[in-house]
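Dear colleague,

Please find below the structure that I am handing over to you, followed by an account of what was found in it.

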Amino acid sequence: MLDKLYLKLYFIFTFGIILIISVIICVVLSNHINIEKTNDSAFFQRMSTLLIYQLENNSNNFEEVVQDYEQEYSIFCAIKNNSGETIYQSSLPFPTSTDFLLSSLNKLTNRVSTVNLTNQTITEQKGTFEIKGQNHDIYLGVPATVISKDNNAYNLVMLYQSRTGTELLRRQVPLYISVWLISLVCVIFLCRLVLKKALAPTESVLKSQKIFVASASHELKSPLAVILANVEKIGKLYLYDMELQKSVTTMDTECMRMSKLINEMLFLASSDAKTWSISKKEINVDTLLISLYETYEPICVKQNISLDLDISNITYPILYSDPERMTQILNIFMDNAIHHSDHSPSIQIQTSLTTKSITLYVIDHGHGISEQDRPFIFDRFYCADKSRTDKSNFGLGLSIAVELSKMLNGKIAFQDTDSGGSTFYLTIPLK
């Protein structure tokens, strides 16, 4: 039980913390990409301003000024004079053709390549525009009018290939994946360490409780055996004293109940300690079911309950399992079915067979299991009778059946019977 709680808490804490870290990493990565894009734009604007200033003061040597920016910063420049004649155009190898980029920039700025610059008296920069290329690339463009010292006007267009979000992401992802993996390892280690320390006191208490139950159950067996022997002796001595005989019978009944409880607690204690053992052998399913039927048929007759065994239409393979453990599980099913069949005249024992497993059913038509009891019926010491007026069981039978089924690599479960009541079944793998 504590192991299951540990695994649930371990998964919840690990998943929750890693989810938070993943969200933080995604936010940081997104901000980083946005900052890099902003830096590209700011860098290009600064370079454009500086280039325009140098062109204003070096109108006779445009090519030399522009080439430095081409080689150093990969900035494309196209310069035209007042008549629209191209004075200089860079030859940078962009993924998208420069004609397409210049045309797109002209559309964005509502300008044409042959702007009349006769009335232009001062240098003017038209702003920075973003242009999408033909190959998922992105460019920044700055159109400007440059007035040289000799009052000649020139039309200048500058282009710069900006880094795309995908490119920036590709560069940063290895770093952030490394951070995420390191965080994952740290979270797994810390969650494991913290949870183990947090659950250590509870685990110690449960371990002490299990040891106490096992020790107490074991120590109670000897005095109980002595009590039973003496009760039997007293019963023989006062055979004709009806009052004393009645008291002796009551003592004997209660001692037998206590003996049953001690045996069940010892089994669960050994199950918790993993000291139980099984003895697998070949089992003839027909023989197993017929023995079960013959054991409970007199009990059912005594309580006016019809017990039906349906095995006529199935040829069973030889099952390799522990017959005593299987019989113990089926006995628990039968005891429950008889107990809850006080208003029902019949109980059925049925089977179903697949290529991988065999399932044994015990079907009753009693009052069934209420919705509020369903989640707890396999819990130890759980009884639907909250007042505990029913002293015929201790609420350990089904929990023992669960442990036994785990030992046999099988499983038990229940479902509602169509006509009312409950159907408990045991599924055992054939291999």
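Is Ile12 buried or exposed? With a relative accessible area of 54%, Ile12 is exposed; the classes used here are buried for under 20% relative accessible area, exposed for over 50%, and partly exposed in between (1.4 Å probe, protein chains only).

Two remarks on conventions come before the rest. The model is a predicted one, in which local features need pLDDT of at least 70 and side-chain atom pairs count only at pLDDT 80 or more, while totals for chains, interfaces and linings use all residues. Residues are numbered from 1 along each chain as its sequence is written, and side-chain values use heavy atoms, with hydrogens and water left out.

Overall composition

The protein chain contains eight helices and 13 strands; helices (H or I, at least four residues) and strands (E, at least two) are DSSP runs, numbered from the N terminus. Of its 431 residues, 38% are buried. The chain exposes about 25,800 Å², of which carbon and sulfur atoms supply 57%; accessible areas come from the Shrake-Rupley method with a 1.4 Å probe, and for residues only the protein chains shown count as cover. Among contacts (heavy atoms within 4.5 Å) between residues at least 6 apart in sequence, 66% join residues at least 24 apart.

Helix α1 and its surface

Ile12 belongs to helix α1, which covers residues 2-57. Together with Phe11, Phe15, Leu19, Val23 and Val27, Ile12 forms a nonpolar patch on the surface, with about 610 Å² of accessible area in total. Patches are made of residues with over 30% relative accessible area and no salt bridge, where like charges are joined within 9 Å and nonpolar side chains (Val, Leu, Ile, Met, Phe, Trp, Tyr) within 5 Å. Asp3 is also placed in helix α1 and is exposed, at 60% relative accessible area. Asp3 and Leu199 are 196 residues apart in sequence, and their C-alpha atoms are 9.9 Å apart in space.

Salt bridges

A salt bridge is a side-chain nitrogen of Lys or Arg within 4 Å of a carboxyl oxygen of Asp or Glu, and the count by this rule is five. One of them joins Glu36 and Arg163 at 2.6 Å, N to O. This pair links distant parts of the chain, 127 residues apart: Glu36 is in helix α1, and Arg163 is in the loop between β6 (153-162) and α4 (165-237). Glu36 counts as buried at 18% relative accessibility, whereas Arg163 is partly exposed at 22%. Glu36, Asp40 and Arg163 are linked in a network of salt bridges.

Within helix α4, Glu167 and Arg171 lie four residues apart, about one turn of the helix. They form a salt bridge whose closest N and O atoms are 2.8 Å apart, and Glu167 is partly exposed, with a relative accessible area of 26%.

Strands around β6

Nine of the 10 residues of β6 are buried, so this strand is largely enclosed by the rest of the structure. Two strands pair if DSSP finds at least two bridges between them. Strand β1 (residues 75-80) runs antiparallel to β6 and is joined to it by six bridges, with Cys77 opposite Met158. Strand β5 (residues 138-147) is likewise antiparallel to β6, through 10 bridges, and Pro143 has Val157 as its bridge partner. β5 and β6 form a hairpin with five residues between them, and Asn151 in the turn has a positive phi of about 65°.

The five-stranded sheet

An open sheet of five strands has mixed pairing and the order β8-β10-β11-β13-β12. At its edges stand β8 (306-309) and β12 (411-416), each with a single partner strand, so one side of each is left without a neighbour in the sheet. Neighbouring strands of the sheet are turned by 20° against each other on average, direction ignored; axes are lines fitted to C-alpha atoms, for helices over the stretch in contact, and angles run from 0 to 180 degrees between N-to-C directions. Helix α6 (residues 285-302) lies across β8, β10 (346-353) and β11 (357-364), at about 175° to β8.

β12 and β13 (residues 422-429) run antiparallel, joined by six bridges, and Asp416 has Ser422 in β13 as its bridge partner. The side chain of Asp416 also meets that of Arg374 in a salt bridge (2.5 Å, N to O). Asp416 lies in strand β12 and Arg374 in the loop between β11 and α8 (397-407), so the pair ties together parts that are 42 residues apart in sequence. Asp416 counts as partly exposed, at 41% relative accessibility.

With kind regards
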